[in-house]
Structure formats: structure tokens, C-alpha cells
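Subject: Structure handover

Hello,

Here is the structure for you to look through. My notes on what was found follow below it.

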Amino acid sequence: MELARPENTVSQQIRWLAHEPKREVLSYSGYGIGGYYYNTSDHDSRSTTQNSGVMVEAESLHMSTAKDKNMIYANMLYYGVIEDIWELNYTQFKIPVFRCKWVDNKGGVKVDENGFTLVDLNKEGDPNDQFIFASQAKQVFYVNDPNGGRWSVVLTTKPKLYDRGDVCDNIEETLSFSRGLPESDDIDNKDVAYVREDCEGIYVEEDTTSRKKRKRT
């Protein structure tokens, strides 16, 4: 009834949200939003590329022990893979959501001695808390730990422009393990020596006998 009053200042978006989405929900195997292009884990399993890794930063309640009465709220990073991509239709706008399989932060996430974040993708977190807005997600990539075992290394990404049809977004590209190396655009070409110093060079004189003189016209 409050929403029906003309003098009410509730936004149109809130009004449509109150009507609930349509019962028909579109499902996708791939979706581009916020500068990233995502795929479901099922799609990745049949592809040579990986785009189902996802990370979200969320505020959660922290305590040192079960009896701790001085609990605090702090931001935490959660890692997972996208299981389903759904698009909720509110007639005037659509809201994409991801259903994800999240890694349990207790025993499923650690940081090694080199500062890399490692996750155990087989250690699943709370199955009752799977959904996030697609706009909340950040894309990550998982690479098997070179040392073996059940751990995967988390690789973050950085922005890069791309064109997809009529859409132009910032898409992310994978950083290599050598994160300390400069990008090619950051190198001053004037200071780069294109000469090998680990072996003796061979000097070749220019052959001028085969040149033909051009006649003046």
C-alpha cells in the first residue's frame, strides 16, 4: 500500500524489486559484466580456457575463540568457482547472479612463504550460502601448485580494454608468476641492449658489390 501512494518517494527500482522477478529465469554458460567475461565450471571443463574462477570481498563476523565476546566485523576474501549463471528479470531491468561453489576459508585457504594465496578447491564451504550478485565478483584463475598436492595458486588479474560486439568493457588478463617483472610498455627502449653478452660476436662486412646503381631520369 505504501508503494501505491503517489506522494511516496520510493525509487522506481525499489518498486520493481518489490514486485519480485518473473518466474522464468534465463540461464547462461557465459556472461560478461564489469570488465570480466565469466563461464560456468561445466563450460570450462569442455574448454581449453578457464573463466569460472571468482573472488568476492565480504564483511563477516570474526572471533578468536568460541567463547570470545569481543567479536568484530572485518572484510574477508572468498574464493570459488561459478556453477550457474542466472539472470533475474524485473521487467524494467535485469540482475545477473552467480551460484558458486565456495572454498572453505577454514583449512581451504592459505598463504605460502612466497606470498601466493593457495586454495583447496575440494574443500567446500557452506552450501547454503552460494549466491552473489555478478557485479560483486572479481575474476581469478587457479593454477595447480608446481609443488604438487591438492593446492591451487590464485592468480589475480588487471584491467585491459576489449570490444565485444556493441559492448566495450575493461576485461582482465592473467598475470604471470613473475609478478615483479615490468610490463613491456614500462621498459625504456633506449636502455635495452639487443646484444648477447654470453658469447663472442661475429662481425660481418656489408656486401656492396651486388648493389645496382640507380639511373637518374
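Arg46 has a relative accessibility of 59% and therefore counts as exposed, since the cut-off for that class is over 50%. Please keep in mind that this is a predicted model. The partner of Arg46 in a salt bridge is Asp42, and their closest N and O atoms are 3.1 Å apart. Asp42 has a relative accessible area of 47%, so it is partly exposed.

How many salt bridges does the structure hold? There are three. Another of them joins the side chains of Arg99 and Asp84, at 2.6 Å from N to O. This pair links distant parts of the chain: Arg99 is in strand β6 (residues 94-102) and Asp84 is in strand β5, 15 residues apart. Asp84 is partly exposed, with a relative accessible area of 22%.

Arg150 and Asp120 also form a salt bridge, with 2.4 Å between the closest N and O atoms. Here too distant parts of the chain are linked, as the two residues are 30 apart. Arg150 is in the loop between β11 (141-144) and β12 (152-155), while Asp120 is in the loop between β8 (117-119) and β9.

Next, the pockets. The largest pocket has a volume of about 550 Å³. Its lining is made up of 19 residues, and those nearest the centre are Ser60, Tyr78, Asn105, Asp126 and Asp129. Which elements supply at least two residues each to this lining? They are β4 (53-62), β5, α3 (105-108) and β9 (131-133). The largest share, six residues, comes from β4. By type, the lining of the largest pocket has nine nonpolar, five polar and five charged residues.

The second largest pocket holds about 190 Å³ of space. Among the residues that line it are Ser41, Gln50, Val81, Leu121 and Tyr142. The lining of the second largest pocket has three nonpolar residues, six polar ones and no charged ones.

Last, the surface. Leu61, Met71 and Tyr73 form a nonpolar patch there, with about 320 Å² of accessible area together. Tyr73 is found in strand β5, which covers residues 72-89. With a relative accessibility of 57%, Tyr73 counts as exposed.

Regards

Conventions
Residues are numbered from 1 along each chain as its sequence is written. This is a predicted model: local features need pLDDT of at least 70, side-chain atom pairs count only at pLDDT 80 or more; totals for chains, interfaces and linings use all residues. Side-chain values use heavy atoms; hydrogens and water are left out. Patches are made of residues with over 30% relative accessible area and no salt bridge: like charges are joined within 9 Å, nonpolar side chains (Val, Leu, Ile, Met, Phe, Trp, Tyr) within 5 Å. Accessible areas come from the Shrake-Rupley method with a 1.4 Å probe; for residues, only the protein chains shown count as cover. A salt bridge is a side-chain nitrogen of Lys or Arg within 4 Å of a carboxyl oxygen of Asp or Glu. Helices (H or I, at least four residues) and strands (E, at least two) are DSSP runs, numbered from the N terminus. Buried means under 20% relative accessible area, exposed over 50%, partly exposed in between (1.4 Å probe, protein chains only). On a 1 Å grid over the protein atoms alone, a cavity is a set of points where a 1.4 Å probe fits but cannot get out, and a pocket is an open set with protein on both sides within 12 Å along at least five of seven lines; lining residues have an atom within 4 Å of a point. Grid points are joined across faces, edges and corners, and a volume is the space filled by probe spheres set on the points. Ala, Val, Leu, Ile, Met, Phe, Trp, Tyr, Cys and Pro count as nonpolar, Asp, Glu, Lys and Arg as charged, and the others, Gly among them, as polar.
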